[in-house]
Amino acid sequence: MSELTAASNRKSLYSTKTLVTLSMLTALAYAVMCACKIIPPIGGFLSVDVKDTVIVIAGILYGPLSALLLSIVVPLLEFFTVSDTGLEGLIMNIIATAIFCCPAAYVYRRKHNTTHAVLGLVTGVACLTVTMIFWNIIVTPYFFKIPREAVLDMLIPLIIPFNLIKGALNSALIMIVYTPVVSTLRKIGLVPPSQSAGQAKSKFNYAPTIVSGLILVTAVLLVLAFLEII
């Protein structure tokens, strides 16, 4: 009986810590979104936002359903506080966030290694890019009161490159910040130790970080080019 009680107490403790951690990550994603508001929209309606970086980390830690939850909660908070894009913007925000974050988290959760991390992020970028083609065709004409033909004309020069760049930007940031963020959460006891904690530490692999840094710099330069700053 005492073992069952102890197991129940541990489960309750982990549930509380999970709730606290998800709340912290939600607040962090919201803060990141607010900070990104200083970046002007590309093409007048495409917002550069890296809150997906935080949401994917939540999904990696607690599963795709957690990523889906934050993909809904954070845009809702944005909608009721700082957004000026209306209901259409909320819908597009939720879809774009969820369609990138959930597949990325799902693929990585199947096997925790660098290969699956990269595969998950590539899958997320592909899902984001393809899905938003159709949703822009459906929603944007009503949102901006423009002909659907005008949206079709924007697909190749604007909408598709934007989503590729946005996905690449978030992916590079995830590869760079995931380890320090999760290590910090583990140090303060909010995230359980890694399953490999008892094993010998492997040599740090600099290649993914270097490649991610190059992708990040490239994505930032492309955003600046779209904004005609450089």
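**Close-up views of a predicted helical model**

**View 1. Pro 40 lies in the loop between α1 and α2.** Helices here are DSSP runs of H or I with at least four residues, numbered from the N terminus. With a relative accessibility of 43%, Pro 40 counts as partly exposed; that class sits between buried, under 20% relative accessible area, and exposed, over 50%, using a 1.4 Å probe and protein chains only. Follow the chain onward and you will find Leu 227, 187 residues apart from Pro 40 in sequence yet 7.6 Å apart in space, C-alpha to C-alpha.

A word on reading these views: this is a predicted model, in which local features need pLDDT of at least 70 and side-chain atom pairs count only at pLDDT 80 or more, while totals for chains, interfaces and linings use all residues. Residues are numbered from 1 along each chain as its sequence is written, and side-chain values use heavy atoms, with hydrogens and water left out.

**View 2. Glu 228 sits in the segment after α7.** Although Glu 228 is not a glycine, its phi is positive, at about 60 degrees. Its relative accessibility of 71% makes Glu 228 exposed.

**View 3. The largest nonpolar core holds 56 residues.** Such a core is a set of buried Ala, Val, Leu, Ile, Met, Phe, Trp, Tyr and Cys residues joined through side-chain atoms within 4.5 Å. The members that touch the most others are Ile 42, Leu 46, Ile 55, Val 56, Leu 61, Phe 100 and Tyr 178. Two or more residues come from each of α1 (2–36), α2 (51–62), α3 (64–81), α4 (86–110), α5 (114–144), α6 (148–187) and α7 (206–226). Of these, α6 gives the most, with twelve residues. Look for Leu 46 here too: leaving out residues up to four places away in sequence, Leu 46 touches Pro 41, Leu 158, Ile 159 and Phe 162, where contact means heavy atoms within 4.5 Å.

**View 4. α2 passes α6 in a right-handed crossing.** Right-handed means that the near helix is turned clockwise from the far one by less than a right angle, left-handed that it is turned anticlockwise. The two axes come within 8 Å and cross at roughly 55 degrees; axes are lines fitted to C-alpha atoms, for helices over the stretch in contact, and angles run from 0 to 180 degrees between N-to-C directions. α2 and α6 are therefore oblique to each other, given that angles under 35 degrees count as roughly parallel, over 145 as roughly antiparallel, 65 to 115 as roughly perpendicular and the rest as oblique. On the α2 side, the residues in contact include Val 56 and Leu 61, and on the α6 side they include Tyr 178 and Leu 185. The residues of this contact divide into eleven nonpolar, two polar and three charged; Ala, Val, Leu, Ile, Met, Phe, Trp, Tyr, Cys and Pro count as nonpolar, Asp, Glu, Lys and Arg as charged, and the others, Gly among them, as polar.

**View 5. α4 and α5 are roughly antiparallel to each other.** Their axes come within 7 Å and cross at roughly 160 degrees. The contact residues divide into 20 nonpolar, seven polar and one charged.

View 6. Thr 129 is buried, with a relative accessible area of 7%, whereas Leu 164 counts as partly exposed at 41% relative accessibility.
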